[in-house]
Amino acid sequence: MFDEDHWRPEFCSPEPDSTRHQVDQALELAAQHPGQPLFLFINVSATHVPHGHYLGDSTDTAASQQAALSYADIHLGRLITTLTAKQRWMIIMCADHGDAYEDDGLHGRGIAHPVVMNVPYAAMVR
């Protein structure tokens, strides 16, 4: 679907600094195409299991997912700030699914429950 794709083990969720690596790669690619239209898609892996390591634990919980999101926000903020410093970008941020953590006795993501199906979405031009 894309002209290029980039994957390295350090982009994956078990890597505690995965989002930093992903954003570094995106910024490097953007720098290679200054002033040109560019479509970047980043699947932020930090919020996918395993993420307990963000709280120093091996258990994945709603709290560790929130800690993973806080970590990812730092690097996503750096990405947006750096990209929009020199030109305007259309930015779309959304999740592909939520996760249930004992919501109505359910756990996981492959289920039809509002916490899994309702995902955040934001679109902006900066």
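The largest nonpolar core of this predicted model comprises 17 residues. Within this core, the residues with the most contacts are Leu27, Val44, Ala46, Tyr54, Tyr71, Leu79 and Leu83. At least two core residues come from each of helix 1 and helix 2. The greatest contribution is that of helix 2, which provides eight residues. In soluble globular proteins, nonpolar side chains tend to be buried together. Helix 1 spans residues 18-31 and helix 2 spans residues 62-84. With residues up to four places away in sequence set aside, Leu27 touches Arg78, Leu79, Thr82 and Leu83. Two of these partners, Leu79 and Leu83, are themselves listed with Leu27 among the core residues with the most contacts.

Three aromatic pairs were counted in the model. One of them is formed by Phe2 and Phe39, whose rings are stacked with a centre-to-centre distance of 5.7 Å and an angle of 10° between the planes. This pair connects distant parts of the chain, since Phe2 belongs to the segment before helix 1 and Phe39 to the loop between helix 1 and helix 2, 37 residues apart. Phe2 is classed as partly exposed because its relative accessibility is 44%, which falls between the limits of 20% for buried and 50% for exposed residues. Phe39, at 61% relative accessibility, is classed as exposed.

A second stacked pair consists of Tyr54 and Tyr71, with 5.2 Å centre to centre and 25° between the planes. Here too distant parts of the chain are linked: Tyr54 is in the loop between helix 1 and helix 2, Tyr71 is in helix 2, and the two are 17 residues apart. Tyr54 and Tyr71 are both buried, and both are among the core residues with the most contacts.

Phe2 and Phe39 also belong, together with Phe41, to one aromatic cluster. Phe41 is located in the loop between helix 1 and helix 2. Its relative accessible area is 58%, so Phe41 counts as exposed.

In contrast to the exposed Phe41, Ser45 is buried, with a relative accessible area of 10%. Apart from neighbours within four places in sequence, the contacts of Ser45 are with Phe11, Cys12, Ser13, Ser18 and Gln22. Pro50 is placed in the loop between helix 1 and helix 2 as well. The peptide bond joining Val49 and Pro50 is cis, with omega about 0°.

Glu102 is part of strand 2, which covers residues 100-103. Asp104 is in the loop between strand 2 and strand 3, the latter formed by residues 106-108. Glu102 has a relative accessible area of 53% and is therefore exposed. Asp104 is likewise exposed, with a relative accessible area of 67%.

Terms used. Residues numbered from 1 in each chain as written. Predicted model: local features only at pLDDT ≥ 70, side-chain atom pairs only at ≥ 80, totals over all residues. Heavy atoms only, no water. Helix = DSSP H or I, 4+ residues; strand = E, 2+ residues; numbered from the N terminus. Buried < 20%, exposed > 50% of the residue type's maximum accessible area, 1.4 Å probe, protein only. Contact = heavy atoms within 4.5 Å. Core = buried A, V, L, I, M, F, W, Y, C linked by side-chain atoms within 4.5 Å. Phe/Tyr/Trp six-rings, centres within 6.5 Å; stacked < 30°, edge-to-face > 60°.
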